[in-house]
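Please look at the sequence and the structure below, and then follow the questions and answers, which move from the whole chain to single residues.

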Amino acid sequence: MLGRLTILIGRVFCRLGFHNFKVIDSTLSFGSARGISTFQCQRCGLVYRRPI
Ligand SMILES: [Zn+2]
């Protein structure tokens, strides 16, 4: 029951835009100083990419 409640609260947070992002991939492009980090929300699975 507690786990289910946690999932429900997590979904509310995701709806509000507070995702639980975790770095799943980080690529550095050689020849350029910038790379791309890929984040994924551990709750809803949303993938987000951001230059480092
Ligand atoms: Zn999320």
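Two residues are in contact if their C-beta atoms, placed from the backbone, lie within 7 Å. The model discussed here is a predicted one.

Q: Among contacts between residues at least 6 apart in sequence, what percentage joins residues at least 24 apart?
A: The count takes in contacts in the chain between residues at least 6 apart in sequence. Of these, the share that joins residues at least 24 apart is 22%.

Q: Which element of the chain has the highest mean pLDDT?
A: Over the chain the mean pLDDT is 89, and 90% of the residues reach 70 or more. Among the elements, β1 has the lowest mean, at 90, whereas the highest, at 93, belongs to β2.

Q: What pattern does the chain follow when it is read along the sequence?
A: The chain has 1 helix and 3 strands. Read along the sequence, these elements give the pattern α-β-β-β.

Q: Why is the chain described as more spread out than a compact globule, and what is its radius of gyration?
A: For 52 residues the globule rule gives 10 Å, and the chain is more spread out than a compact globule because its value is well over that figure. The C-alpha atoms fill a box of roughly 50 × 20 × 10 Å along the principal axes, and buried residues make up 0% of the 52 residues. The radius of gyration of the chain is 15 Å.

Q: How far does helix α1 reach from its first C-alpha to its last?
A: Helix α1 covers residues 2-16, which is 15 residues, and at 1.5 Å a residue a reach of 21 Å is expected. The helix is hardly covered, with a count of 0 buried residues among its 15. From first C-alpha to last, α1 comes close to the expected value, with a reach of 21 Å.

Q: Which residue follows α1, and what is its phi?
A: The helix α1 ends at residue 16. The residue that follows α1 is Gly17, and its phi is positive, near 100°.

Q: Which strands stand at the edges of the sheet, and why is one side of each left without a neighbour?
A: The 3 strands form an open sheet in the order β1-β2-β3, with antiparallel pairing. Each edge strand has a single partner strand, so one side of each is left without a neighbour in the sheet. The edge strands are β1 (21-28) and β3 (47-51).

Q: What is the average twist from one strand to the next?
A: The sheet concerned is the open one with the order β1-β2-β3. From one strand to the next, its twist averages 25°.

Q: How many bridges pair β1 with β2?
A: Strand β2 (residues 35-41) pairs with β1 in the antiparallel sense. Within this pairing Leu28 stands opposite Gly35, and Asp25 stands opposite Thr38. The number of bridges between β1 and β2 is 7.

Q: Which residue in the turn of the β2 and β3 hairpin has a positive phi?
A: Strands β2 and β3 run antiparallel and are joined by 5 bridges, and Phe39 stands opposite Tyr48 in β3. The hairpin that they form has 5 residues between the strands. In that turn, a positive phi of about 85° is found at Gly45.

Q: Which residue is the bridge partner of Thr38 in β3?
A: Thr38 lies in strand β2, and it touches Ile24, Asp25, Val47 and Arg49 when residues up to four places away in sequence are not counted. In β3, the bridge partner of Thr38 is Arg49.

Q: Is Val47 buried or exposed?
A: Val47 lies in strand β3, a strand that is hardly covered, with 0 buried residues among its 5. Thr38, with 15 C-beta neighbours inside 10 Å, counts as partly exposed. Val47 has 11 other C-beta atoms within 10 Å, and therefore it is exposed.

How values were computed. Residues numbered from 1 in each chain as written. Predicted model: local features only at pLDDT ≥ 70, side-chain atom pairs only at ≥ 80, totals over all residues. Pairing = 2+ DSSP bridges. Helix = DSSP H or I, 4+ residues; strand = E, 2+ residues; numbered from the N terminus. Axes fitted to C-alpha atoms, helices over the stretch in contact; angles between N-to-C directions. Expected span 1.5 Å × (residues − 1). Buried ≥ 20, exposed ≤ 12 C-beta atoms within 10 Å, placed from the backbone. pLDDT = per-residue confidence, 0-100. Rg over C-alpha atoms; globule rule 2.2 N^0.38 Å.
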